[in-house]
Amino acid sequence: MATSIRSRGGGGGGRITPYKSLFFVSAIAISFFFFAFFVFTSDDADDSTPDLNTGFGSTRRSVLAMKSDPLKQRLDQIKKQAEDHKSLVLAYASYARRSKLESSKLVRVFADLARNYTDLITNYKSLSESDSVSMDESVLRQFEKDVKLRIKDTRQVIADAKESFDRELKIQKLKDTIFAVNEQLTKVKKQGAFSSLIAAKSIPKNLHCLTMKLMEELIANPEKYADEDKSPELEDPSLYHYAIFSDNVIAASVVVNSAVKNSKEPFKHVFHVVTDKMNLGAMKVMFKMRQYNGAHFEVKALEDYTFLNSSYVPVLKQLESANLQKFYFENKLENATKDTSNMKFRNPKYLSMLNHVRFYLPEMYPKLHRILFLDDDIVVQRDLTGLWDIDMDGKVNGAVETCFGSFHRYAQYMNFSHPLIKENFSPKACAWAYGMNFFDLDAWRKEKCTEQYHYWQTLNENRTLWKLGTLPPGLITFYSTTKPLDKTWHVLGLGYNPSISMDEIRNAAVVHFNGNMKPWLDIAIPQFRPLWTKYVDYEMEFVQQCNFGL
């Protein structure tokens with residue numbers, strides 16, 4: 001049955017016949033076929049076909065490519081790995097420089113690696129500028145291969161560098177440890193020096209005991225130890241006179257005992273012992289209890305010499321200074337140990353008149369011509385009268401020189417940066433030792449040595465010319481008036497140097513225990529102590545009671 005179709009507009013012209021309907025359907029089918037052919041055949045198109053940007057096919061290809069073959073993501077990942085390892089290399093290079101390894105090859109290797117990464121990224125810059133459509137995958141693979149090789153080399157270098165860095169770190173830690181130990185050692189040395197100073201300068205229990213026992217004897221028998229009339233021998237210039245200034249009764253007695261026992265004619269020897277007022281009584285009892293083979297004695301206190309006052313003596317005047325008192329009597333460890341090298345001179349004894357009274361010998365003994373000064377830490381081993389036979393050549397001070405090479409020169413005792421010292425003295429002048437000094441008192445008076453001492457001591461009130469002690473002012477006072485004596489007269493160092501040969505000691509007329517290890521202390525050098533103890537009067541009851549023999 002034939003079907004007729006009419007249009008809405010009506011009329012015979014709008015009717016669609018069966019032939020027209022068939023033609024319309026056929027046209028739609030043909031169009032769909034060509035569209036499908038175009039789509040499926042475009043997958044085989046050459047990637048080098050120019051992209052017109054506005055073409056529908058090109059846009060469709062980019063979307064599909066991003067989903068099926070993400071070359072762009074691979075490129076980004078490879079570049080990120082390269083940049084990350086470049087940053088790592090630069091970080092190691094920076095650490096190497098901070099570790100002061102600029103001269104090592106590691107720094108150069110790291111710099112070369114960083115440069116290689118930069119060059120590599122630059123060489124494949126075209127990949128970054130292309131999209132996935134135009135990107136050559138073979139080039140991308142070569143870029144990835146080169147980056148992996150660089151990363152492998154980088155990791156190997158870093159592995160080797162870590163070992164080197166670990167060594168450097170260990171060395172640095174070791175240096176830090178050494179520095180910390182040195183700081184601690186310095187502190188301990190200062191504390192040790194301070195403790196040693198206390199041990200050396202403190203009064204031992206047995207010495208304090210002996211002083212007390214002697215004072216008890218004086219109090220119990222005052223008439224027995226009353227002052228006697230002055231003996232004429234004390235001012236007889238034809239006899240052999242000795243000056244000993246000490247507050248140590250046992251030490252002073254050993255000096256006298258050793259000198260008397262080794263003298264040929266003890267009755268011709270006169271000993272002038274000067275002490276402080278506190279020890280005067282004990283010292284008098286000590287020397288009056290023994291006869292010492294007819295030797296003569298005079299025991300006096302500093303206070304008996306009335307001219308020794310602050311208006312005349314610079315040291316006594318300076319002692320009134322608050323600044324000087326603080327320096328000598330500082331009782332805080334951290335302050336008292338600031339100057340370790342000169343700590344031994346901080347002892348107040350170096351400002352004591354018992355040390356400085358040696359500069360007033362001509363005034364103390366105005367009728368004498370010559371006198372031998374002895375420290376209280378010496379031992380006499382042979383007759384000393386030969387010193388009075390020495391021609392002094394008009395010199396004031398006869399002493400043993402201590403210099404050898406560059407040691408014990410004036411430069412070590414005085415401040416040669418001060419113009420007064422520089423103008424008046426030679427830094428290379430040879431120093432000499434106190435302890436056994438033979439003084440020509442007539443030449444002393446002629447040269448006005450005491451006035452010279454006063455002049456320089458006054459100038460040194462602020463310790464700008466020399467630091468401390470009595471040796472520097474002695475070196476200055478007797479700069480051009482000292483006569484060197486043969487070294488066998490006086491051997492020093494038994495209070496600090498255990499390596500002195502016994503042959504040298506045996507040949508010495510006087511051995512000197514200068515230093516902290518005094519022979520009456522527990523810290524004495526063992527091999528030298530018998531040289532001193534042999535002259536201790538162990539037969540005295542008080543010495544036995546105070547355990548000096550132990």
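These questions and answers work through a predicted model of the protein.

Trainee: How many helices and strands does the protein have?
Mentor: Both kinds of element are present. The strands number ten. The helices number 21.

Trainee: What share of the 550 residues is buried?
Mentor: Buried here means under 20% relative accessible area. Apply that cut-off to the 550 residues of the protein. The buried share is 41%.

Trainee: What share of the accessible surface belongs to carbon and sulfur atoms?
Mentor: Start from the total. The accessible surface comes to about 31400 Å². Carbon and sulfur atoms hold 55%.

Trainee: Which residues of helix H17 are buried?
Mentor: Helix H17 spans residues 449–459. The buried residues are Cys449, Thr450, Tyr453, His454, Trp456 and Gln457.

Trainee: Where is Thr385 placed?
Mentor: Look between two strands. One is E5 (378–380), the other E6 (397–399). Thr385 sits in the loop between E5 and E6.

Trainee: Is Thr385 buried or exposed?
Mentor: The cut-off for buried is under 20% relative accessible area. Thr385 has a relative accessible area of 16%, so Thr385 counts as buried.

Conventions: Residues are numbered from 1 along each chain as its sequence is written. This is a predicted model: local features need pLDDT of at least 70, side-chain atom pairs count only at pLDDT 80 or more; totals for chains, interfaces and linings use all residues. Side-chain values use heavy atoms; hydrogens and water are left out. Helices (H or I, at least four residues) and strands (E, at least two) are DSSP runs, numbered from the N terminus. Buried means under 20% relative accessible area, exposed over 50%, partly exposed in between (1.4 Å probe, protein chains only). Accessible areas come from the Shrake-Rupley method with a 1.4 Å probe; for residues, only the protein chains shown count as cover.
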